[in-house]
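Student: I've got a model to go through with you. Could you take me through it in questions and answers?

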Amino acid sequence: MIPISPLSLRFSQIIICALLGIFASSIFAHGISGGDARFLNQNEGFHFFIYLYLGAKHMVTGYDHLLFLFGVIFYLTTLRSVALYVSLFALGHSITLIFGVLTDIQVNVYIIDAIIGLSVVYKAFDNLGGFERFFGISANNRSAVFIFGLFHGFGLATKLQEMTLSENGLLANLLSFNLGVELGQIMALIYLLLLLSISQRITDKPVFGISVNIILMAGGFSLTSYQLAHYFAA
Amino acid sequence: MHKTSESILSTGQLVLALIAALIVGVGLTVFVILPTERNIDSEGSDAISVVEIESTKTESVVQTEQEAVAPNFDALYIAIDPETTPAKVDEFGESLPVVVGANLRVHDIAYKSETINIQIDADAQVEYKAIMDTGEALLYSWEADGELYYDFHAHQENGNPQFWTRYSEGEGSADQGSIVAPYQGEHGWYWLNIAGKAVTVKLSVAGYYDRIKEIELKAAAE
């Protein structure tokens, strides 16, 4: 985990308070909700800040993306490796987000969200050393994070596709949304890293990491079963 | 790079952790999240309570049908007072609609409209009916150049001849309105000319019905 100096801790706290303020009204929202959706449906052309905001909001309030990200960075020890894995994740989801929307690939939103839930299970189980124990070798973490990034991107794409997006300025809007997603991811990362740093101060016993990852795995199963329930109900 | 816990957990412990997480995760969804979501849907807002009124009414209709009691005519539509119904606003302060599904009917068959002029001799009688399926809607208006007795009623097409229903009856030279068919059958007008002279009725209908037909009446009115 990342050692954070008291100075940077205070700085992070200020940033987080600000972010929580911005997103407090919609912290439990997921996807693109009523007012945003209607705005997208009614407005043609290029709207940089709107799409930037929507992308960031989606990432910060999208607990499935956050849980996966949390699992990915849980046992990383240097900021450099955090940057590497997060970049791989960002590259993966950017590819499918942009190509999914541009080529209008229709994927069932519940199935994609169920797979995203499973990505959380995968990462938590991997953190527990499960793959190493059962298969002798740990899966290639870099490609796994990249591939699950692709699925997360499809999830983001389906959320955008639920809206009638105008062809006018589509690519520019899409890139703004994507940029917003990355900004939101950085905001969320600050929060998650701070959380990990605080927890490290409280305890460095291995049982803590094991407990957290079992809870994370349960969260992933919960997300998956929730999406599957909606898939079969629809 | 990783300081994973693989050295700590045995295979058995890993399987146990996996199963525990599966049970807790799925259990959380099935017993907490999904029931909560259902409660939010059915009790969450004023807009939904309108739908509840509708569903209670529908239930009462079903019930009365089963008990063969007079149907609840209020169930055909609901009225809302905009002065007392709270407006709904989303997180951005934009207004949201209050959903009134009870007042909407979507019809599969083609929209039709026609106007028929019907000659009725003095003291003679005629009957015109629209063939309609359950739930289909009809707008009508008729006007005559003389006084008529009318009986606006319905039969099943090939059902029990003893069973029939009435929308309204009276004496006059005009009437207008709309109906939603309560069952599949013939829905329309019996007219008896009481003007003492030949009368022409101009009948206009529009809506969702199969066709208009003239019913052959066997004998003259008593």
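Tutor: Helices (H or I, at least four residues) and strands (E, at least two) are DSSP runs, numbered from the N terminus. This is a predicted model, where local features need pLDDT of at least 70, side-chain atom pairs count only at pLDDT 80 or more, and totals for chains, interfaces and linings use all residues. Residues are numbered from 1 along each chain as its sequence is written, chains are lettered from A and ligands numbered from 1 in the order in which they are written, and side-chain values use heavy atoms, with hydrogens and water left out.

Student: Which helix holds A:Ser176?

Tutor: Contact here means heavy atoms within 4.5 Å. Leaving aside residues up to four places away in sequence, A:Ser176 touches A:Phe46, A:Phe48, A:Tyr51 and A:Leu52. As for its own place in chain A, A:Ser176 lies in helix H9.

Student: Is A:Ser176 buried or exposed?

Tutor: Buried means under 20% relative accessible area, exposed over 50%, partly exposed in between (1.4 Å probe, protein chains only). A:Ser176 has 3% relative accessibility, so it counts as buried.

Student: And A:Phe49, buried or exposed?

Tutor: A:Phe49 sits in helix H3 of chain A. Its relative accessibility is 63%, so A:Phe49 counts as exposed.

Student: Which helix gives the most to the nonpolar patch?

Tutor: Like charges are joined within 9 Å, nonpolar side chains (Val, Leu, Ile, Met, Phe, Trp, Tyr) within 5 Å. This one is formed by A:Phe46, A:Phe48, A:Phe49, A:Leu179, A:Leu183 and A:Ile186. Helices H3 (48-61) and H9 (170-202) of chain A each supply at least two of its residues, and the top giver, with three, is H9(A).

Student: How many residues of H6(A) are buried?

Tutor: Helix H6 of chain A covers residues 109-127. H6(A) is largely enclosed by the rest of the structure, because the buried count among its 19 residues is 15.

Methods. Patches are made of residues with over 30% relative accessible area and no salt bridge: like charges are joined within 9 Å, nonpolar side chains (Val, Leu, Ile, Met, Phe, Trp, Tyr) within 5 Å. Accessible areas come from the Shrake-Rupley method with a 1.4 Å probe; for residues, only the protein chains shown count as cover. A salt bridge is a side-chain nitrogen of Lys or Arg within 4 Å of a carboxyl oxygen of Asp or Glu. The expected span of a helix is 1.5 Å times one less than its number of residues.
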